[in-house]
Structures are given as structure tokens and as C-alpha cells.
Amino acid sequence: NHYIEMGTSSQPISEWYKLKSLDDFTILNEYIKEPQIKKGVVISTSQPVAIKYSINCSLNDLKNECDILIRCSHPSIQKLIGLYESPDNNSSAMITQYCAQRSLDEYLRNTANNNNDDDDDDEDEDEEDNQDYNMQYKFIYHICQAMKHLEEKRMFHGYLNPSNILLDEEYNPILNNIKMRENYSKDEIEQSNMMINYLAPEILSGYKNSIKADVYSFGLIME
């Protein structure tokens, strides 16, 4: 069982996460992010996982993301389970921790929609405000701890925004999609699917990325 053996292998750290096949996983017909990321389950343990395919990205992109996650060991950074390299590279996949509550981006949108739909006077308004405060504190604390871990490793996220902060079953924030890209090209920045409003101004001007730019992005997220 490749999943059970992971992390206990005598192979170099750059090799122990490599999977020979996806036979240990059941791949569900449920998209986490269409068309690239699907939900799966570890057959032996029934543990849900996220399966990210080499669609809209290269195998090298997946490898780089895996190498970054291997260097991290923190509960608020997404855990790597394994990497499967397909012989034709068209169906290679990275297996990672599954986060049941999806992303902070979705949470914020749902919260805003619920607030807009609630037109009635609520006797429990103070209690709801207190719950919101506690949730905000949880987000701030855990994201800060993850950023601190990256800084201690001399690393940075490089593209911190609400869509790259996942939420587990208990709404604990989990950083994912850590790219550590020092620069973004003009074409990349102008792509419609890139959340440039969370990038620091110096990054948009072509300067190198760093943990300082992550701090700027974090400030906008928590605003």
C-alpha cells in the first residue's frame, strides 16, 4: 500500500512521495475545482483526498509544488500524500489533504450572501457577532502561524489570496497552491483568472516576490 508506506521509506526525501499507481485510491466523480481537481478516497482507510491532475499545468509544475510541500511540516499548510507520474504525462496527479469546507473565498461569499438574505431582527445577533469574531481570530492565528513557518524555512507563498486558503472540516485554514514564484510575467498578471488585487504593488511592477509581499496580501485578506 503506497499510502501507508509514505514517510517511512529509506529513499531520499525527494523520492518517498512518488506513487507507482493510483490503485490505492477510489476517484470519485466529484470536482473540487473543475476540471483539474477531483475528490478521491484512500481505499484502505476511507480517508478523503484531493487529486490534482496535470490539466492546465505541466508535470514539472506538479513536481515543483510537491517539492515545496515536502519542505513544509505545519498543520496549517496542505499535506502532500503522493505524486503519480503517468507514462504519457497526460494523467499525472498529485494527491493532497482534502479540505471539506473548500476555500476561504467560498466561505466569505457564502457569509456575505447569508447576511444579505437575513432581513429579520435577530435576538441572537450578539451571539452571531461573537461567533464571527472567533472565526476571524481562528483564521488570523493559523494563517500567521503558517506564514511564520514559511519564513523560518526561508520560503514564501507568492500568491496568497482567499482561493489559496482552504478550510478543513473544522474551518481551520490550510494554505495551498504555494508556488514561491519570484516574478510574474505581464501576460500572467493580465490573465482574467489571476486575483491580482491581492498582489503587492511591487510585484505588479516586476519586482521579486518575498514573504513581505505575502504580509501585504494577508492584510488585504483580513481587511
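How many aromatic pairs does a search of the whole structure find? The search returns four, where rings of Phe, Tyr and Trp (its six-membered ring) pair if their centres lie within 6.5 Å, with planes under 30 degrees apart counted as stacked, over 60 as edge-to-face and the rest as tilted. The model is predicted, so local features need pLDDT of at least 70 and side-chain atom pairs count only at pLDDT 80 or more, while totals for chains, interfaces and linings use all residues. Residues are numbered from 1 along each chain as its sequence is written, and side-chain values use heavy atoms, leaving out hydrogens and water.

One of the pairs joins Y107 and F139 edge-to-face, at 5.4 Å centre to centre with 85 degrees between the planes. Y107 is buried at 18% relative accessibility, and F139 is buried at 5% (buried means under 20% relative accessible area, exposed over 50%, partly exposed in between, with a 1.4 Å probe and protein chains only). Together with Y171, these two residues form one aromatic cluster.

Helix α4 also holds Y137 and Y141, four residues apart, about one turn of the helix. Their ring centres are 6.3 Å apart and their planes lie at 15 degrees, so this pair is stacked. Y141 is partly exposed, with a relative accessible area of 40%.

Definitions and conventions
Helix = DSSP H or I, 4+ residues; strand = E, 2+ residues; numbered from the N terminus.
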